[in-house]
Amino acid sequence: MTTTTLSLAERWRRFVYLETVELFLDAMPRRRRRAVLAELRENLDAATADVGLTAALADLGGPRQLAARYLESEPQGRPTWHIGTLAASIVFAVWLLGTVVYTFGMLDALLAQSQASATAEGSFFGVRILAEAGPEVLGAEFRGIAWPAVAAMVVVFGVFSRVWRLLPSSN
């Protein structure tokens, strides 16, 4: 097998392609997925040496379609943990952004209200927020746990991970 030196752009394309295939192979068991990716990497290197990276990737097709072809032979019904984690992380980020915006709104209202130091108390999805603003001080204190946000993250994780696939099937 002859080796070819790929440009940085080609190495990046190869890396992104393989990572995307791996993302779509998440339903496959880890050991099998690693073996498939190692084989795919070897075959892609050999095809790149023969016909070039662009032609080799074109012959394989899109990463989603390639992963779908590999998954056709695999038993179905595994949870997709990484998708659930990503979805729960997005819910957390949205909640965190909402909390920050709410807190900044409280601080802005206190600063606009008076020249002296002022405090205000509020609540955002179960988290108590004590805000203090004035010429010498600007701060916020958070107490409690955002149970609605935690519940939303757990539900979103469960739905997007498809955790019901862990239950024994009735077949």
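Contact, as the word is used on this tour, means heavy atoms within 4.5 Å. The structure is a predicted model, in which local features need pLDDT of at least 70 and side-chain atom pairs count only at pLDDT 80 or more, while totals for chains, interfaces and linings use all residues. Residues are numbered from 1 along each chain as its sequence is written, and side-chain values use heavy atoms, with hydrogens and water left out.

**Stop 1: Arg 41**

Select Arg 41, whose place is in helix 2; helices (H or I, at least four residues) and strands (E, at least two) are DSSP runs, numbered from the N terminus. Leaving aside neighbours within four places in sequence, Arg 41 is in contact with Arg 14 and Leu 18.

**Stop 2: the whole chain**

Now show the whole chain, which holds 6 helices and 3 strands, and follow the elements from the N terminus on in the order α-α-α-α-α-β-β-β-α. Turned along its principal axes, the C-alpha trace spans about 75 × 50 × 20 Å. The radius of gyration of the chain is 25 Å, whereas a compact globule of 171 residues would have one near 16 Å; the radius is taken over C-alpha atoms, and the globule rule is 2.2 Å times the number of residues to the power 0.38. Of the 171 residues, 29% count as buried. Among contacts between residues at least 6 apart in sequence, 54% join residues at least 24 apart. The chain exposes about 11,400 Å², of which carbon and sulfur atoms supply 62%, with accessible areas taken from the Shrake-Rupley method with a 1.4 Å probe and, for residues, only the protein chains shown counting as cover.

**Stop 3: helix 4**

Select residues 63-72, which make up helix 4, and pick out its buried residues, Leu 66, Ala 67, Tyr 70 and Leu 71. Looking down the axis of helix 4, you will find these buried residues within an arc of 135°, so they line one face of the helix; the arc is that of the directions from the helix axis to the C-beta atoms. The buried residues of helix 4 pack against helix 1 (8-24), helix 2 (30-51) and helix 3 (53-60). On the other side of helix 4, Arg 64 and Glu 72 are exposed.

**Stop 4: Arg 162**

From Glu 72, move to Arg 162, 90 residues apart from it along the chain, where the C-alpha atoms of the two are separated by 19 Å. Arg 162 lies in the segment after helix 6 and is partly exposed, with a relative accessible area of 35%. Not counting residues up to four places away in sequence, Arg 162 touches Pro 79 and Thr 80.

**Stop 5: the nonpolar patch**

Select Trp 81, Ile 83, Val 155, Val 159, Phe 160, Val 163, Trp 164, Leu 166 and Leu 167, which form a nonpolar patch on the surface with about 870 Å² of accessible area together. Patches are made of residues with over 30% relative accessible area and no salt bridge, like charges being joined within 9 Å and nonpolar side chains (Val, Leu, Ile, Met, Phe, Trp, Tyr) within 5 Å. Helix 5 (81-113) and helix 6 (147-161) each supply at least two residues of the patch, and the largest share, 3 residues, comes from helix 6. Val 155 has its place in helix 6 and is exposed, with a relative accessible area of 52%.

**Stop 6: salt bridges**

How many salt bridges does a search of the whole structure find? The search finds 4, a salt bridge being a side-chain nitrogen of Lys or Arg within 4 Å of a carboxyl oxygen of Asp or Glu. One of them joins Asp 26 to Arg 33, with the closest N and O atoms 3.9 Å apart; Asp 26 counts as buried at 15% relative accessibility, and Arg 33 is buried at 12%. Next select Glu 121 and Arg 128, whose side chains meet in a salt bridge of 3.0 Å, N to O; Glu 121 counts as exposed at 55% relative accessibility, whereas Arg 128 counts as partly exposed at 37%. Finish at Glu 141 and Arg 143, whose side chains meet in a salt bridge of 2.5 Å, N to O; Glu 141 is partly exposed, with a relative accessible area of 32%, and Arg 143 is partly exposed, with 45%.

Key. Buried means under 20% relative accessible area, exposed over 50%, partly exposed in between (1.4 Å probe, protein chains only).
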